[in-house]
Amino acid sequence: MELVLASQSPRRVELLKNITENFLVRPAAGAEVAPPGASPQNTVMYLALQKGLEVAAACPQALVIGADTVVAIDGAILGKPKNKEHCLQMLCSLSGREHLVCTGVALVQGTRQETFCAQTTVEFFPLPPAQMEWYASTPEPYDKAGGYGIQGLGSLLVKQIQGDYFNVMGLPIAQLAQRLAPYGICPW
């Protein structure tokens with residue numbers, strides 16, 4: 001069976017290689033528009049499914065994995081920072097506080113669809129202005145939900161996490177492996 005990852009995220013590609021090297025990468029091109037008022041959990045599952053369905057339409061025999069990750073604080077979803085000022089605003093809102101990272105994953109094969117959501121709580125240290133300025137001056141935060149990457153320099157901002165570290169990177173790989181096993185895709 002052909003396995004297709006409907007994402008261009010290098011982090012998701014890297015993580016999926018923990019399960020199998022045998023997959024294609026075919027990013028979804030559609031607009032990411034969530035239903036208004038949806039919770040972070042419902043937003044990521046909806047967007048993951050839309051990505052999976054889009055790519056599955058072009059690959060009807062394949063098993064397609066769609067994924068979407070958001071960072072949410074006080075119920076508000078933080079997207080990717082548009083510029084340095086926006087990044088600094090995000091870092092300010094996360095400084096010294098806990099926030100939620102949600103990743104929705106969809107498996108689509110023909111008419112079969114399955115979605116799930118992983119959640120991780122992340123707490124940042126209180127961030128001095130100089131540290132936020134330094135981090136916002138690096139290229140790292142600008143292609144990441146919430147404006148930070150836990151696997152890179154953003155690790156210096158994180159006090160603690162509760163939940164799946166890999167979920168914060170963008171793909172809850174252990175949960176995904178459990179869901180792929182019935183399809184005959186597993187490393188064990």
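Residues are numbered from 1 along each chain as its sequence is written. In this predicted model, local features need pLDDT of at least 70, side-chain atom pairs count only at pLDDT 80 or more, and totals for chains, interfaces and linings use all residues, while side-chain values use heavy atoms, without hydrogens and water.

**Exercise 1.** Find the partners of strand β6 and describe each pairing.

*Solution.* Start with the terms. Strands (E, at least two residues) and helices (H or I, at least four) are DSSP runs, numbered from the N terminus. Two strands pair if DSSP finds at least two bridges between them.

Step 1: Take β5 (residues 98-109) and β6 (residues 112-124). They run antiparallel, joined by twelve bridges. V101 stands opposite T120 in β6.

Step 2: Look at the hairpin of β5 and β6. Two residues lie between the strands, and G110 takes a positive phi near 60°.

Step 3: Turn to β7 (residues 158-162). Four bridges pair β7 with β6, again antiparallel. Here V122 stands opposite I161 in β7.

**Exercise 2.** Describe the lining of the largest pocket.

*Solution.* A pocket is an open set of points on a 1 Å grid over the protein atoms alone, where a 1.4 Å probe fits, with protein on both sides within 12 Å along at least five of seven lines; lining residues have an atom within 4 Å of a point.

Step 1: Count. The lining holds 33 residues, and R12, D68, T69, K80 and D143 lie nearest the centre.

Step 2: Find the main supplier. β3 gives the most, with four residues.
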